[in-house]
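Please look over the sequence and the model shown here.

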Amino acid sequence: VSVHDRVRIIDFSIECGQPGSGSHTPKLRGPLAEVPNTPGMMGPAGQNLTWPQLRLVDGGVFRVCWCPGAQQGGAEQSSCSKPEDFYAEFGTFAALKIRDGWPSACARAEEP
C-alpha cells in the first residue's frame with residue numbers, strides 16, 4: 001500500500017480495467033469524487049489507506065478498483081489516469097438507500 005495508489009468506486013455493471021472504470025460512479029460524493037486522484041491517508045500501521053467523508057447518494061452494488069501507483073507486487077509505475085490502470089478489483093460492496101432501510105416510518109417522540 002502506498003500514498004501513490006488510487007482507487008475508483010464504480011457501478012458493479014462495469015469491470016475493473018475496462019472502459020468506465022477510470023471514473024467514479026456519479027453517485028459518489030465527497031473529496032474523492034471532487035478530485036478523483038486525491039491520495040488516501042496512510043493508516044497508523046502503514047497497511048491501509050482511507051478516504052474520509054465519502055457518501056453515496058443512492059443505493060446499489062459497487063466495485064472498488066485499485067491502481068498500484070508505486071510499483072507494488074512487480075506492477076509497472078502508473079499515473080493512474082486511464083481505465084486500464086485501475087485493473088485490480090479490491091472488492092465489492094452494497095449500499096442501501098437510506099429510505100429503503102426502514103420498513104416503516106420513523107417513530108416520533110410523544111409529549112409527556
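Which residues does His 24 touch, not counting residues up to four places away in sequence? In this predicted model, His 24 touches Val 7, Arg 8, Ile 9, Leu 32, Ala 33 and Pro 36, where contact means heavy atoms within 4.5 Å.

This is a predicted model in which local features need pLDDT of at least 70 and side-chain atom pairs count only at pLDDT 80 or more, whereas totals for chains, interfaces and linings use all residues. Residues are numbered from 1 along each chain as its sequence is written, and side-chain values use heavy atoms, with hydrogens and water left out.

- His 24 is found in the loop between strand S1 (6–11) and strand S2 (28–29); helices (H or I, at least four residues) and strands (E, at least two) are DSSP runs, numbered from the N terminus.
- With a relative accessible area of 13%, His 24 is buried, given that buried means under 20% relative accessible area, exposed over 50% and partly exposed in between (1.4 Å probe, protein chains only).
- The side chain of His 24 also reaches the backbone nitrogen of Ile 9, at 3.0 Å; a polar contact is a pair of N or O atoms within 3.5 Å, and within protein one must be able to donate a hydrogen and the other to accept it, while residues adjacent in sequence count only if both atoms are side-chain atoms.

**The chain as a whole**
- The protein chain has one helix and seven strands, and read along the sequence these follow the pattern β-β-α-β-β-β-β-β.
- Buried residues make up 32% of the 112 residues in the protein chain.
- The average pLDDT of the protein chain is 84, and 79% of the residues score at least 70; pLDDT is the predictor's confidence in each residue, from 0 to 100.
- Among the elements of the protein chain, S1 has the highest mean pLDDT (95) and strand S4 (residues 49–50) the lowest (86).

**Nonpolar cores**
- The largest nonpolar core has 10 residues, including Val 7, Ile 9, Leu 32, Leu 49 and Trp 66; a nonpolar core is a set of buried Ala, Val, Leu, Ile, Met, Phe, Trp, Tyr and Cys residues joined through side-chain atoms within 4.5 Å.
- The elements that give two or more residues to this core are S1 and strand S6 (60–67), and the largest share, three residues, comes from S6.
- Apart from this core lies another, of six residues, among them Ile 10, Cys 65, Cys 67 and Phe 86.

**Disulfides**
- The structure holds two disulfides, each counted as a pair of cysteine sulfur atoms within 2.5 Å.
- Cys 16 and Cys 65 form a disulfide with their sulfur atoms 2.0 Å apart, and this pair links distant parts of the chain, with Cys 16 in the loop between S1 and S2 and Cys 65 in strand S6, 49 residues apart.
- Both Cys 16 and Cys 65 are buried, and their link is left-handed, with -80° about the S-S bond.
- A disulfide also joins Cys 67 to Cys 80 (S to S 2.0 Å), linking Cys 67 in strand S6 with Cys 80 in the loop between S6 and strand S7 (88–95), 13 residues apart.
- The disulfide of Cys 67 and Cys 80 is left-handed because the torsion about its S-S bond is about -85°.
- Cys 67 is buried, with a relative accessible area of 0%, and Cys 80 counts as buried at 1% relative accessibility.
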